[in-house]
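Reader: I would like a close look at a single part of this structure, and then at what lies around that part. Please keep the account plain.

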Amino acid sequence: MAEAQNIPAGSTTAGAIAVAAESTVATRMSAPPSFDVADFPVPHGREEEWRFTPLERLAGLHDGSAVASGDGVKIAVEAPEGVTVETVGRDDARIGRAGTPVDRVAAQAYTSFEQASVVTVPKETVLTEPIRIAVHGEGGVAFAHQVIELGAFAEAVVVIDHTGDAVLADNVDYLLGDGAKLTVVSVQDWDDKAVHVAQHNALVGRDASFKSVVVTFGGDLVRLHPRVSYAATGGEAELFGLYFTDRGQHQEHRLLVDHNNPHNKSNAVYKGALQGENAHAVWIGDVLIRVNAEGTDTYEMNRNLVLTDGARVDSVPNLEIETGEIVGAGHASATGRFDDEQLFYLMARGIPEQEARRLVVRGFFAELVQQIGLPDVEERLLSKIEEELEASVA
Amino acid sequence: MATLEIRDLHVSVEAENGAREILKGVDLTVKQGETHAIMGPNGSGKSTLAYSLAGHPKYTITSGTVTLDGEDVLEMSVDERARAGLFLAMQYPVEVPGVSVSNFLRTSATAIRGEAPKLRTWVKEVRETMERLHMDPAFAERNVNEGFSGGEKKRHEILQLELAKPKVAILDETDSGLDVDALRIVSEGVNRVRETGEVGTLLITHYTRILRYIKPDYVHVFVSGRIAESGGPELADKLEAEGYESYVKGGVSA
């Protein structure tokens, strides 16, 4: 992708590699992680973790004024045989084990949810069909908590689909036992007005593999915090993301991979296309390699394609290394734009304008889509991308 | 027989203090099978002529006509011109992120030919054309012009020319920035297209060097937005010996 010379006005692609004794990832947050919303001050918007987010569009999730209504979201789980699906109370021991809320909205979700949905795949159970979780917004405000647990050597694919209209704050915990393999596809295909703020916590067991595919198309404001940490060694995490940010939308993905144990791998690739006035995408990629995490192998990348004027990207990779005894660590971020000269070049080769635009966007996403490894999901993504493009041309 | 006719073409660009006229009445007829060299000093408007014919939005046609086989080229969009048989090999080909050369070539060929080329013959056609241009097959998997060297960009342009089989090929300073080997390879590609006898070639250049490889039928000296003199190949020899000085006296060159 064309890099430096192609960065559109109004985008930033700052990056940093810090070698620090004390974690700046932790210290940049305005409060330490906590399950209690009272431990977080109400953000004013200048905090590091809030500075890109338009607080006034959070529908009160950040200041306590959002109150759950009966018609929040409906969650329906469709699971193959052998999977346990439960609705449990707040005191269930499995809740909160994968991670702790890191900001006020996640803590608010944790403090406010009444029942959690727990999906368990018993040890050594290998599913051939995906577990499908439909989260449908009914127009109200909701706080939710979901737990997906795989026992040792279990294998599962989970597709979580977010549709409809809602103001939703939730936490999703992924617990992977030793040698387990979990692929989670979280699709944010909300209606135009939806507000969705979520923290995803994955705790990757010994020799376990976690693959997260985050796909964000819809909503007025979507702010997700996919986070990974490791329970032992030999684990692997792949974090793939794809977003298509349209006019007026704010889509923010804030990743953190915490290499808190030795000999684990991580790879993050997020790609986004933007079009239209005030389309705003934010990508924060924090990778922390702690002092004990020798043998770590990590890479993270964010690519953005700006299709029209008036869109804005903020992309901030941040790699923090506390030990030199690692296999590899790297990051990359670039924002390119589809400009009049590219359009002229393609058209001068006989390719009509719409086709030219489609060619560029499809090409941009193709490699990433192929890495998902689930044909029906890939198919759906490609047709969704087409749809977004049609809408842009119209 | 395909004919490109340019009549009294005037073209302006938007400048800081209003529109600035760059082409000031160009007359030229290029017929199938003919090769016309347009030579001129920097700033004479040669590239403006090339880009105006291709339909670049930066240039405004203020008067004159351009027809291809009687069809009004100026009424066509950029892609329509290409499909009608105009090809512009660019001096500064543009990088297109995320689009592989192979995907790009096939999409272009599908648009120009009106149907997707049959995969088996297409793969062979592309491979053989690339071989003749001394291009590594791995090239096809790279993104269009991304990270290409100057020579690779020009070979890629000529590869497209050979695959497009246009009625009229406009080569805008295809020779600039090429070393002798690359110039020879690129020229051979152009000559293969010329030898079909089916293309009219408009070769725009600043130097006479490329004319050792691509022999023009006509040479036009382009100065201050119009053709100052036309002649046969011998005119190039005169330019080689004397330069453009006698044409630009009085400081008319921008």
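This is a predicted model: local features need pLDDT of at least 70, side-chain atom pairs count only at pLDDT 80 or more; totals for chains, interfaces and linings use all residues.

Author: B:Lys24 is partly exposed, because 15 other C-beta atoms lie within 10 Å of its own, and a residue counts as buried only at 20 or more and as exposed at 12 or fewer. The residue sits in strand β2 of chain B, which covers residues 18-31.

Leaving aside residues up to four places away in sequence, B:Lys24 is in contact with B:His10, B:Ser224, B:Gly225 and B:Arg226. One of these, B:Arg226, is 202 residues from B:Lys24 along the chain, yet 5.7 Å separates the two C-alpha atoms.

Among the contacts in chain B with a separation of 6 or more, 74% join residues 24 or more positions apart. Of the 254 residues of chain B, 45% count as buried. Eight helices and ten strands make up the secondary structure of chain B. The radius of gyration of chain B is 18 Å, close to the 18 Å from the globule rule for 254 residues, so chain B is as compact as a globular protein of that length. Along the principal axes, the C-alpha atoms of chain B fill a box of roughly 55 × 40 × 40 Å.

Two of the helices of chain B can be taken as a pair. The axes of α5(B), residues 150-164, and α6(B), residues 180-195, come within 9 Å and cross at roughly 10°. The two helices are therefore roughly parallel to each other, since angles under 35 degrees count as such. On the α5(B) side the contact includes B:Gly151, B:Ile158 and B:Leu161, and on the α6(B) side it includes B:Ala182, B:Ile185 and B:Val193. By class, this contact has seven nonpolar, two polar and four charged residues.

Chain B also touches chain A. Their contact takes 21 residues from chain A and 23 residues from chain B. On the chain A side, α3(A) gives the largest share, seven residues. That side of chain A has 13 nonpolar, four polar and four charged residues.

Not counting residues up to four places away in sequence, A:Tyr174 touches several residues, including A:Ala98, A:Ile148, A:Leu182 and A:Phe210.

Conventions
Residues are numbered from 1 along each chain as its sequence is written. Chains are lettered from A and ligands numbered from 1 in the order in which they are written. Axes are lines fitted to C-alpha atoms, for helices over the stretch in contact, and angles run from 0 to 180 degrees between N-to-C directions. Helices (H or I, at least four residues) and strands (E, at least two) are DSSP runs, numbered from the N terminus. Angles under 35 degrees count as roughly parallel, over 145 as roughly antiparallel, 65 to 115 as roughly perpendicular and the rest as oblique. Two residues are in contact if their C-beta atoms, placed from the backbone, lie within 7 Å. Ala, Val, Leu, Ile, Met, Phe, Trp, Tyr, Cys and Pro count as nonpolar, Asp, Glu, Lys and Arg as charged, and the others, Gly among them, as polar. The radius of gyration is taken over C-alpha atoms; the globule rule is 2.2 Å times the number of residues to the power 0.38.
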